[in-house]
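Me: I would like to go through some of the terms used for this structure and what stands behind them. Please set each value against its definition.

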Amino acid sequence: MTLAFITGISGQDGSYLAERLLAEGVEVHALAHALEPPPEAPGVELHRGDLTDSDEVRALLVDLAPDEVYNLAALSSVARSWEEPDLTARVNGLAAAALLDSALLVQEKQGRPVRFVQASSAEIFGEPDRSPQDESTPVRPVNPYGAAKAFVHHMVDVYRHRELHAVSAILYNHESPRRPDHFVTRKITSTAAAIAQGRADVLALGNLDARRDWGWAPDYVDAMVRAARADVPRDYVVATGVGRSVRDFVAAAFARAGLSDWERYVVVDPEFVRPADPTELVGDATLARTALGWSPTVGFDEIVGRMVDADLRQERSASVRP
Ligand code: NAP
């Protein structure tokens, strides 16, 4: 039986990945701050720990001897990376590098391959001078989050040269109703739902013109699993190839919530404008499509719709609670 080890289990992608692997019959172990399995994946074996405790994580990995390691743990917000650049570097950078090294140690001790997937990010490209970006786009991050991810992106290549089956999945934004609401997309859908239910009256946002390539989170998890199991370890851009603005996202969310006049409710607050915000990140996932047979299954309007519907359900149940 395949044994997989996941970090970042309590996050959006961690829960989808665990669900997916458990459904395949994989034995799933995960590192977690708290010993509460995600409600969607109760069969996960949790090990309490922090990724930055590299010695403890290494001992755990050697003990478990997994076949697949998925490193999803991160301070995943660019905004927070400006507030805590040192912690971002420790968690997203140094701790991830130590995990790569531990995976190689397991491989050497066991004498069989260990497959390692690093959840990298389009933010490694910074403000790219080409659109869409692909695996050959220069790595030039413009924020602490992107810089830490860029370091590990390079380390994946270094460990591939040591014969580890290591993959950097260069993930573009991906969303779902499980996205925490400090991210702009979920903030938009939850506030649109609250306004539609008469429980809020304003949505404060930063740059409405920033353009992103938004996909469906379970599709991105699928790409990571495919990349782990491919014959040859490579880096892959994982993206839909379609750019939309924050303004488009807002309009789609308000329309789904039954509000046609979103401009009435949205204010631009300079507090939410990031110091360095790439204006256009759109990915070309041709390599993932051809080499992994991967493709996105859910379009932009449906992603926004599913998020708004989930937030409307949540709003309705909150309003009937005593
Ligand atoms: P998320 O929802 O923010 O989850 C992050 C996870 O990392 C949480 O489970 C968190 O646990 C864990 N974590 C943070 N610090 C940790 C530490 N020191 N030790 C152990 N665990 C720690 O992120 P996501 O959206 O699922 O994203 C998964 C990965 O993909 C991340 O690496 C992210 O940077 C990357 N990525 C995501 C996107 C996207 O659009 N979602 C795009 C590009 C790249 P606690 O909650 O207990 O702290």
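**Helix and ligand shell**

Reply: Helix α4 covers residues 85–110, and at 1.5 Å a residue its 26 residues should span 38 Å; the end C-alpha atoms are 36 Å apart, so the two agree. The expected span is 1.5 Å times one less than the number of residues, and a helix is a DSSP run of H or I with at least four residues, numbered from the N terminus. This is a predicted model, in which local features need pLDDT of at least 70, side-chain atom pairs need 80 or more, and totals for chains, interfaces and linings use all residues. Residues are numbered from 1 along each chain, and side-chain values use heavy atoms, without hydrogens and water.

Me: What makes A95 a bend in α4?

Reply: The bend is the angle between axes fitted to the seven residues ending at a residue and the seven starting there; at A95 this comes to about 30°.

Me: Which residues come nearest to the ligand?

Reply: S10, H33, S76, Y145 and K149 do, out of the 24 residues around the ligand; a residue counts as near if one of its heavy atoms lies within 4 Å. Strand β5 gives the most to this shell, with three residues; a strand is a DSSP run of E with at least two residues.
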